[in-house]
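Biologist: I'd like to learn how to read a model like this one. Could you walk me through it, starting with the aromatic rings?

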Amino acid sequence: MTALSDLISSFEELWPTETAEDWDRVGLMLGHPASEIGKVLLSVDVTADVIAEATKQGAQLLLTHHPMLLKPVHELGELTAKGNLVSSAVRGSLAIYAAHTNADVAQGGVSQSLAAALGLTEIAPLDQ
């Protein structure tokens with residue numbers, strides 16, 4: 001088992017949060033840094049099916065690309081989509097961490113990995 005805080009330190013070394021776009025919401029979405037993590041599930045998005053799978057697999061952390069809470073939320077009642085996701089994750093003792101635009105722009109990150117997989121050799125940022 002590893003402390004979530006140690007994993008967060010590693011994530012933020014790989015994908016510094018300060019390199020995320022201003023509109024993005026990256027980092028720890030749900031959970032406590034002192035939590036002990038033994039199993040991590042990776043996902044592009046946070047969905048009900050992904051949370052159910054993470055819980056079924058016994059994961060303590062969901063590492064996701066897209067943030068679960070990108071826009072402000074004004075209620076988390078379980079009859080709302082976001083409220084249902086948050087409640088399900090909490091009941092499953094699942095922490096959620098997002099690395100989005102900061103993982104896209106990182107050296108060796110999502111964009112460079114995708115370019116390499118496609119065999120692209122002359123790559124440059126689209127937005128500087």
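Modeller: Happy to! Keep in mind that this is a predicted model. Two aromatic pairs are present in the structure.

Biologist: How is the pair of Phe 11 and Tyr 97 arranged?

Modeller: For a ring pair, look at the distance between centres and the angle between planes; planes under 30 degrees apart count as stacked and over 60 as edge-to-face, with the rest called tilted. Here the centres of Phe 11 and Tyr 97 are 5.0 Å apart and the planes make an angle of 50°, so the pair is tilted.

Biologist: Which parts of the chain does this pair tie together?

Modeller: Phe 11 belongs to helix 1 (residues 4-14) and Tyr 97 to strand 6 (residues 95-98), so the pair links parts that lie 86 residues apart in sequence.

Biologist: Are Phe 11 and Tyr 97 buried or exposed?

Modeller: The word "buried" is used for a relative accessible area under 20%, and "exposed" for one over 50%. Both Phe 11 and Tyr 97 are buried. Asp 49 gives you a contrasting case: its relative accessible area is 64%, so this residue is exposed. You will find Asp 49 in helix 2 (residues 48-57). Its C-alpha atom is 9.6 Å from that of Leu 85, a residue 36 positions away along the chain.

Biologist: Let's zoom out. How many helices and strands does the chain have?

Modeller: There are five helices and six strands. In sequence order, they follow the pattern β-α-β-β-β-α-β-α-β-α-α.

Biologist: And what does the radius of gyration tell me?

Modeller: Compare the value with the one for a compact globule of equal length. For 128 residues that would be near 14 Å, and the chain has 16 Å, which agrees. The C-alpha trace spans about 45 × 35 × 25 Å along its principal axes.

Biologist: What share of the residues is buried, and what share of the contacts joins residues at least 24 apart?

Modeller: Buried residues account for 34% of the 128. Among contacts between residues at least 6 apart in sequence, 65% join residues at least 24 apart.

Biologist: What about the surface and the charges?

Modeller: The accessible surface is about 8,000 Å², and carbon and sulfur atoms contribute 56% of that. As for charges, the chain carries 6 positive and 16 negative ones, with their mean positions 12 Å apart.

Note on methods. Residues are numbered from 1 along each chain as its sequence is written. This is a predicted model: local features need pLDDT of at least 70, side-chain atom pairs count only at pLDDT 80 or more; totals for chains, interfaces and linings use all residues. Side-chain values use heavy atoms; hydrogens and water are left out. Helices (H or I, at least four residues) and strands (E, at least two) are DSSP runs, numbered from the N terminus. The radius of gyration is taken over C-alpha atoms; the globule rule is 2.2 Å times the number of residues to the power 0.38. Buried means under 20% relative accessible area, exposed over 50%, partly exposed in between (1.4 Å probe, protein chains only). Contact means heavy atoms within 4.5 Å. Accessible areas come from the Shrake-Rupley method with a 1.4 Å probe; for residues, only the protein chains shown count as cover. Lys and Arg count as positive and Asp and Glu as negative; His and the chain ends are not counted. The place of a charge is taken as NZ of Lys, CZ of Arg, CG of Asp or CD of Glu. Rings of Phe, Tyr and Trp (its six-membered ring) pair if their centres lie within 6.5 Å; planes under 30 degrees apart count as stacked, over 60 as edge-to-face and the rest as tilted.
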